[in-house]
Amino acid sequence: MTEQVVLYEKKENIAIITFNRPGALNALNTEVNLKLIELLLTAENDEEVKVVILTGSGNKAFVAGADIKEMMTMNSMQARAHALKAKRVTDTIWNLGKPVIAAINGFCLGGGMEYALACDLRTASENAKFGLPEVNLGILPGSAGTQRLPRLIGLARAKEYCFTGGMFDAKQACELGIVNHVYPAESLMNETMMLAQKIASKSPHSLKLIKAAMNRGTETDLETAALFEIDCFSLCFSTQEQKDGMKKFAEKSK
Ligand code: CAA
């Protein structure tokens, strides 16, 4: 039986999606991208799933980038079609109605870093290495790395990483604000699960609307964003969680 290139596991109400090409440092090929979209949508459509974790199999890599061997003979039109398919992945992560956490357990390069940047939160093992090395291959990041990285760390710092293709470690990624937490490799998944469970205990409607308000709002002008936030806020008043949450508070203070 051939090994699945992406694995799916459900632990309580957390879905864990694992890139599974350890022999190629989990490089992203077409099969991986198609499967990843399918599994992200499985998590989206499963009401029991409250949070999704993306990680890599083996102890060496989260994802070492797009599969260079698959891309090397492409012409411009094929490369464009390939990048558009990868965009469907980042769009699916970004627009998923549930928080997505990247648990980065090693090399997180090129397309892998771009997928991680599309996630809501990132945790990393102490041995994780980050970078956008596309410039070394005579190309540039093709999954919005030139866009999401500067939004997180500022234009000048992001340009330096894109221009040099240099790698940086987990401590630096944390200082730059790319990564939320750094853990020893052996506790990365446990710690990430604890973070995921803490989030999963909250109202799924609130989480979905917080994500939408923050992702959409930070991409538009403040007035439009603030009004969109008000729409999200008022929508919560149609949920049971709002009624229960506020009633519980009022009863406690009586
Ligand atoms: N594509 C295809 N295969 C890859 C790969 C990639 N991105 N990264 C690693 N591999 C394969 C290697 O070819 C090797 O396979 P073989 O055993 O069959 O030779 C295996 O994974 C192990 O890799 P290494 O022997 O190179 O491992 P290492 O520890 O010596 O080096 C590394 C690790 C520094 C990460 C090195 O593998 C590397 O530089 N990889 C490429 C990183 C890169 O350039 N990523 C960007 C890709 S382009 C992109 O992502 C475009 C985009 O924006 C969409």
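Biologist: Which residue forms a salt bridge with K171?

Modeller: E175 does, with the closest N and O atoms 3.3 Å apart. By salt bridge I mean a side-chain nitrogen of Lys or Arg within 4 Å of a carboxyl oxygen of Asp or Glu. This is a predicted model, so local features need pLDDT of at least 70 and side-chain atom pairs count only at pLDDT 80 or more, while totals for chains, interfaces and linings use all residues. Residues are numbered from 1 along each chain as its sequence is written, and side-chain values use heavy atoms, with hydrogens and water left out.

Biologist: How are K171 and E175 placed in helix 7?

Modeller: They sit four residues apart in helix 7 (residues 170–176), so about one helical turn separates them. Helices here are DSSP runs of H or I with at least four residues, strands are E runs of at least two, and both are numbered from the N terminus.

Biologist: Is K171 buried or exposed?

Modeller: K171 is exposed, with a relative accessible area of 58%. Exposed means over 50%, buried under 20%, and partly exposed in between, using a 1.4 Å probe and protein chains only.

Biologist: How many salt bridges does a search of the whole structure find?

Modeller: Nine. One of them joins the side chains of K10 and D46 at 2.7 Å, N to O. K10 lies in strand 1 (residues 6–11) and D46 in the loop between helix 1 (30–45) and strand 3 (51–56), so the pair ties together parts 36 residues apart in sequence. K10 is partly exposed at 35%, whereas D46 is buried at 18%.

Biologist: Which residues are linked with K10 in a network of salt bridges?

Modeller: D46 and E48.

Biologist: New topic, helix 3. Which of its residues are buried?

Modeller: H82, A86, V89, T90, T92 and I93.

Biologist: Last one: what's the mean pLDDT of the protein chain?

Modeller: It's 97, and 100% of the residues reach 70 or more. pLDDT is the predictor's confidence in each residue, from 0 to 100. Among the elements, helix 11 (residues 240–253) has the lowest mean, 93.
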